[in-house]
Amino acid sequence: MAKCAFIGLGVMGYPMAGHLQKASHSVTVYNRTSSKAEKWAGEFGGTFAETPAKAVEGAEFVFCCVGNDDDLRSVITGPDGALAGMASGSILVDNTTASANVARELYEIAAKQGVSFIDAPVSGGQAGAENGVLTVMCGGDKDAFDKAAPIIDAFARSCKLLGESGSGQLTKMVNQICIAGLVQGLSEAMNFGTKAGLDMTKVIDVISKGAAGSWQMENRGQTMVDGKFDFGFAVDWMRKDLGICLDEAGRNGARLPVTALVDQFYAQIQGRGGNRWDTSSLIHLLAND
């Protein structure tokens with residue numbers, strides 16, 4: 001059993017922290033909206049604190065899952081941030097999807113007080129978090145990773161070290177670039193089949209077994225056809241992630257023409273009030289124009 005803290009109880013962090021507690025680790029949580037932290041403690045039997053610094057007192061492993069780079073700096077390096085309460089030798093695992101630059105920045109800051117930092121963004125969506133089967137992409141030092149990996153396993157199906165600090169975030173960018181193009185292609189296919197008068201339930205059942213099959217098709221194909229977009233990963237968050245990808249591409253010289261186009265399609269979804277729709281809502285632009 002390890003003493004852990006978890007900072008950030010959004011749609012991902014809430015169940016992830018719960019899996020740590022259910023794995024018999026001792027977990028203290030912090031959330032900006034304290035009522036949510038109190039609710040979590042009542043549901044899972046852990047404890048909650050009023051600040052990140054208080055939540056991490058005595059913790060061997062501190063997990064964080066917040067919104068963006070600025071949120072991350074606030075809860076880690078702020079006056080009452082995690083590093084104000086973490087002891088030398090402890091490990092900070094950041095599950096936020098953020099930039100590689102902020103990962104490297106926090107790695108250096110943490111190292112100055114003897115704290116190891118691992119950037120460890122996740123993939124698998126809300127369902128993956130709730131079922132404890134996330135894919136975790138890590139960057140950092142191997143010694144710290146080897147210590148943290150058995151703890152991370154509480155909410156992960158796969159957990160890999162991809163390289164030095166920032167490598168986890170870069171891998172998550174690769175993941176999001178793949179998804180962006182795939183969802184647009186799936187949207188066009190589902191809309192095409194519908195316009196052609198096909199029974200799309202039968203079509204999906206057939207083609208999902210072949211080369212066109214994917215997680216997105218199996219989990220979102222039918223709901224896209226049905227016009228249902230009330231699932232976990234919101235358009236607002238995807239646009240944040242794609243912005244990170246495009247910024248990084250501007251630095252490393254990679255060309256992302258499809259990603260840039262899909263990002264603009266998501267901007268159109270936001271313009272239709274679909275900020276909190278699932279990313280599969282790209283089909284809405286095709287089906288309603």
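Tutor: An axis here is a line fitted to C-alpha atoms, for helices over the stretch in contact, and angles run from 0 to 180 degrees between N-to-C directions. Helices (H or I, at least four residues) and strands (E, at least two) are DSSP runs, numbered from the N terminus.
Student: Okay, and what kind of model is this?
Tutor: It is a predicted model, where local features need pLDDT of at least 70, side-chain atom pairs count only at pLDDT 80 or more, and totals for chains, interfaces and linings use all residues. Residues are numbered from 1 along each chain as its sequence is written, and side-chain values use heavy atoms, with hydrogens and water left out.
Student: How do helices H5 and H8 cross?
Tutor: The axes of H5 (residues 100-111) and H8 come within 8 Å, at roughly 165 degrees. That makes H5 roughly antiparallel to H8, because angles over 145 degrees count that way, while those under 35 are roughly parallel, 65 to 115 roughly perpendicular and the rest oblique.
Student: Which residues make that contact?
Tutor: Ala100, Ala103 and Arg104 come from H5, and Gln169, Leu170 and Met173 from H8. Contact means heavy atoms within 4.5 Å. By class, there are four nonpolar, one polar and one charged. Ala, Val, Leu, Ile, Met, Phe, Trp, Tyr, Cys and Pro count as nonpolar, Asp, Glu, Lys and Arg as charged, and the others, Gly among them, as polar.
Student: Where is H8, and what should its 29 residues span?
Tutor: H8 runs over residues 167-195 and should span 42 Å at 1.5 Å a residue, which agrees with its end C-alpha atoms being 42 Å apart. The expected span is 1.5 Å times one less than the number of residues.
Student: What follows H8?
Tutor: Gly197, with a positive phi near 85 degrees.
Student: And at what angle do H8 and H12 pack?
Tutor: About 65 degrees, with the axes of H8 and H12 (residues 257-271) 9 Å apart. That makes H8 roughly perpendicular to H12. Ile177, Ala180, Gly181, Val183 and Gln184 of H8 touch Val258, Thr259, Val262, Phe265 and Tyr266 of H12. This contact has seven nonpolar residues, three polar and no charged.
Student: New topic: what does UniProt place at residues 166-286?
Tutor: Its unreviewed entry gives "domain: 3-hydroxyisobutyrate dehydrogenase-like NAD-binding" there. UniProt positions follow the numbering used here, feature names are shortened, and annotations may be inferred rather than shown by experiment. In the model, residues 166-286 are 71% helix and 0% strand.
Student: Which annotation covers residues 4-163?
Tutor: The unreviewed UniProt entry has "domain: 6-phosphogluconate dehydrogenase NADP-binding". That span is 40% helix and 24% strand, with end C-alpha atoms 24 Å apart.
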